Amino acid sequence: MFSNNMKFIDPHIHMTSRTTYDYLVMKEYGIVAVIEPSFWLGQLRTNAGSFKDYFSSIVGWERFRSSQFGIQHYCTIGLNPKEANNEALAEEVMELLPLYACKEGVVAIGEIGYDDMTPTEDKYFRLQLELAKELDTLVLIHTPHRNKKAGTSRSMDVCIEHGLDPSRVIIDHNNEETVEEVLNRGFWAAFTIYPQTKMGNARMVEIVRQYGCDRIIVDSSADWGISDPLAVPKTAQLMLEMGIPKAHVQAVCYENALTAYSQSGQMKESDWLEINPVDQRQLYNGNSVLRGQSPLVESTRDFALIE
């Protein structure tokens, strides 16, 4: 736990893959809000019903589970590029998206974009961009693990081609090869602190040192792989230790995510600043977050004593 009283947002974390203990520790480290993008689950889904249940979970149960640990939960809804290659299934999923994209707490269409940059991926990327335009919502872009620089440039080209405002598009999984172009073209540049495969926190320090804090966002993308749900506060701590100004750290680990995603109209700072005591006796469709543990029951008096 940090002693500097900083607040953090993790704007890309797959909490479906995490435990309630992760929520408990994240809250202790100052994380006040998370955004959970739709993604693939490690095994390709074989029918649209699997997507329907998954979308229902992240707008419902996961939002409840997060609230039971004092963290605000938002999500993005989309057909991920990896599974977009199953065209018959993709057609069915496209019919589901409008049913979920307008639900409470959904802040963007995403994460969408390219994996192998196939023609099929391109087709459903474009269709989802058009859906975002129709719904007047934000877009979260997944940049490919292979050919990242080319894939990132192409993703931005397609967004511009479809008439999207770069200020309403978040480009994620950036690295040293992509950051300059993303920022120069007016998009939000998000960086995933994920061991070995995406961006290390020491490298992230140097990105902020070189490019400053404007339109740069730090996230964890913590999922079922080897990942860390505390990557954002840990990176913030390292930045402070390495001499990055606190105002810049607060921007890339909190304020910029809030500014970007609050454009959706679904996310606002008062969601977590207003006192909202946790009552773990509550149930969601008859289910509790607890497994035999004593429930935490807060009151407004508890908060008054803290202040």
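**Helix packing in a predicted model**

Residues are numbered from 1 along each chain as its sequence is written, and side-chain values use heavy atoms, with hydrogens and water left out. Helices (H or I, at least four residues) and strands (E, at least two) are DSSP runs, numbered from the N terminus.

**Helix 4 with helix 5**

- Helix 4 covers residues 87-101 and helix 5 covers residues 119-135.
- Their axes lie 11 Å apart, at an angle of about 15 degrees (axes are lines fitted to C-alpha atoms, for helices over the stretch in contact; angles run from 0 to 180 degrees between N-to-C directions).
- The two helices are therefore roughly parallel (angles under 35 degrees; over 145 is roughly antiparallel, 65 to 115 roughly perpendicular, the rest oblique).
- On helix 4, the contact (heavy atoms within 4.5 Å) is made by Glu-87, Ala-90, Glu-91, Met-94, Leu-97, Pro-98 and Ala-101.
- Helix 5 contributes Thr-120, Lys-123, Tyr-124, Leu-127, Gln-128, Leu-131 and Leu-135.

**Helix 5 itself**

- The 17 residues of helix 5 should span 24 Å at 1.5 Å a residue, and its end C-alpha atoms are 25 Å apart, which agrees (the expected span is 1.5 Å times one less than the number of residues).
- Its buried residues (under 20% relative accessible area; exposed is over 50%, partly exposed in between; 1.4 Å probe, protein chains only) include Thr-120, Tyr-124, Phe-125 and Leu-129.
- Charged Glu-121 and Asp-122 are also buried.
- The cover over the buried residues includes helix 4, strand 4 (106-113), strand 5 (138-142) and helix 6 (148-161).
- Just after helix 5, Asp-136 has a positive phi of about 55 degrees.

**Val-93 in helix 4**

- Val-93 sits in helix 4 and is buried, with a relative accessible area of 0%.
- Beyond its neighbours within four places in sequence, Val-93 contacts Phe-51, Phe-55 and Leu-79.
- Val-93 and Lys-52 are 41 residues apart along the chain, yet their C-alpha atoms are separated by 8.2 Å.

**Helix 9 with helix 10**

- The axes of helix 9 (residues 231-241) and helix 10 (residues 246-261) come within 10 Å and cross at roughly 160 degrees.
- That makes the pair roughly antiparallel.
- Helix 9 passes helix 10 in a right-handed crossing.
- Val-232, Ala-236, Met-239 and Leu-240 of helix 9 meet Lys-246, Val-249, Val-252 and Cys-253 of helix 10.

Technical notes: This is a predicted model: local features need pLDDT of at least 70, side-chain atom pairs count only at pLDDT 80 or more; totals for chains, interfaces and linings use all residues. A crossing is left-handed if the near helix is turned anticlockwise from the far one by less than a right angle, and right-handed if clockwise.
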